[in-house]
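My notes follow in the order I looked.

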Amino acid sequence: MCALQHVDSPERGVILLDKSLRVTYANQRVCEILGTAIDRLIGEGLPEVVDHRSLDEDEVLEEVLDSPLGKDAVLHRYSSPVYSRDGWIAGRVEIYSDITARRRLEQDILDRNLELAELNSRLEEAQEQLIQSERLRALGEMAAGIAHDINNVLGIILGNVQLARRKLDEDSPAMKSIQGIELAARDAAETVRRLREIGKPVDTSRYAPVDLGEIVRDVVDATIAAWKESRSVGAAQVTVETTLEPDCVVWGNSVEFREALANILLNAAQAVESRGKIEVSTSRDAEYAYLTVSDTGIGMSEETKKRLLDPFFTTRGAEGTGLGMSMVDAIAIRHGGKVVVTSEEGKGASVALRIPVLRARE
Ligand SMILES: Nc1ncnc2c1ncn2[C@@H]1O[C@H](COP(=O)(O)OP(=O)(O)OP(=O)(O)O)[C@@H](O)[C@H]1O
Ligand SMILES: [Mg+2]
């Protein structure tokens, strides 16, 4: 131990202990760090804040402990046995460092990293939104061109259908074919209308505060009534529940929100295949209002979830145009929002419109 009796450091606290763990030496710095006086340490065991009960004789220990000086201060303790020349354990040397500043710096770096990650994810979201609206713009241009040409053709078909109808008797065998042509042409006209809706530019002149709860109230009953009338889905056994949170107010075009909800609802009704439950709800947090439709239907595969918003993607064969969710997506994007989907195959689906909430100052 003699050789160690001059160990000192202005930065670090040093304590020497004899074999029975009594303090034989302590420097000034350790007194500052442990908040005690040299004469209270010498000849005593280590102060209470330092746990030395479970130390094995030859154990080397490194630990971080709360400083007795409080205020979130932290200490680093290094404790090692000291051997005599003939190899016997003569006592221990303990070195204490105040690592509070380092810890704060580390915490600071962690906080900054979190902030950076948050900024990064916002940037990614903004980028994604930009790509989406660019995609929408390109699609809009294409849709407008196609819609124009197809509409011309449909006009000619429907005009000729009218002429043929006039020339035929109601019960003539060709009449059925003519009616078939007319129906198909009108369906095609509806598809063109939906395609045009997708590519429609943002028109904020019709924007006003919209309470999403009102949209739900307007659309749900009317939609169920329409299903029952058209028998397009087995609406009789589908139950629709609504849960509305107050103040889900956004800035936008209520006609578009109605159209979006009607599309999402119809998909849900088709997914539950005449028996099941649909829940329509509105909710909000500080930034967004949500209009959510959850169903207990067939759910979506990973592939379907990935392609859900693609124009013309449908799993319903000739019965679907695959434009419903593209319209919903376009409406969400025009309102600075997005479509959020959670679903598992066989376990129902939840499709939400997430739109920035209207703040009081806007
Ligand atoms: N709630 C849902 N549950 C399960 N699958 C869904 C649901 N909503 C949409 N899908 C899937 O997404 C596909 C695309 O939906 P989208 O509304 O765009 O087109 P569609 O319903 O097939 O055709 P359309 O809307 O023209 O009648 C559907 O074919 C279906 O596979
Ligand atoms: Mg649909």
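Contacts first. The model is predicted, and I looked at the contacts in the protein chain with a separation of 6 or more: 61% of them join residues 24 or more positions apart.

Overall form. I find eight helices and twelve strands in the protein chain. I get a radius of gyration of 37 Å, well over the 21 Å that the globule rule gives for 362 residues, so the chain is more spread out than a compact globule. The C-alpha trace spans about 125 × 40 × 40 Å along its principal axes. I checked burial as well: 25% of the 362 residues count as buried.

The sheet. I traced an open sheet of five strands, with antiparallel pairing and the order E2-E1-E5-E4-E3. Strand E2 (23–26) and strand E3 (61–66) are its edges, each pairing on one side only. On average, neighbouring strands of this sheet are turned by 20° against each other, direction ignored. I then looked at one pair: strand E1 (residues 13–18) meets E2 in the antiparallel sense over three bridges. Leucine 17 has valine 23, in E2, as its bridge partner.

The ligand. I counted 24 residues around ligand 1, and the closest are Asn267, Ala271, Thr314, Gly320 and Gly324. Helix H6 (254–272), helix H8 (324–334) and strand E12 (349–356) are the elements that give two or more residues to this shell. Which element gives the largest share of the shell? I noted H6, with four residues. By type, I sorted the shell into ten nonpolar, twelve polar and two charged residues.

Key: Residues numbered from 1 in each chain as written. Chains lettered and ligands numbered in written order. Predicted model: local features only at pLDDT ≥ 70, side-chain atom pairs only at ≥ 80, totals over all residues. Pairing = 2+ DSSP bridges. Axes fitted to C-alpha atoms, helices over the stretch in contact; angles between N-to-C directions. Near = placed C-beta within 6 Å. Nonpolar A, V, L, I, M, F, W, Y, C, P; charged D, E, K, R; others polar. Rg over C-alpha atoms; globule rule 2.2 N^0.38 Å. Buried ≥ 20, exposed ≤ 12 C-beta atoms within 10 Å, placed from the backbone. Contact = placed C-beta atoms within 7 Å.
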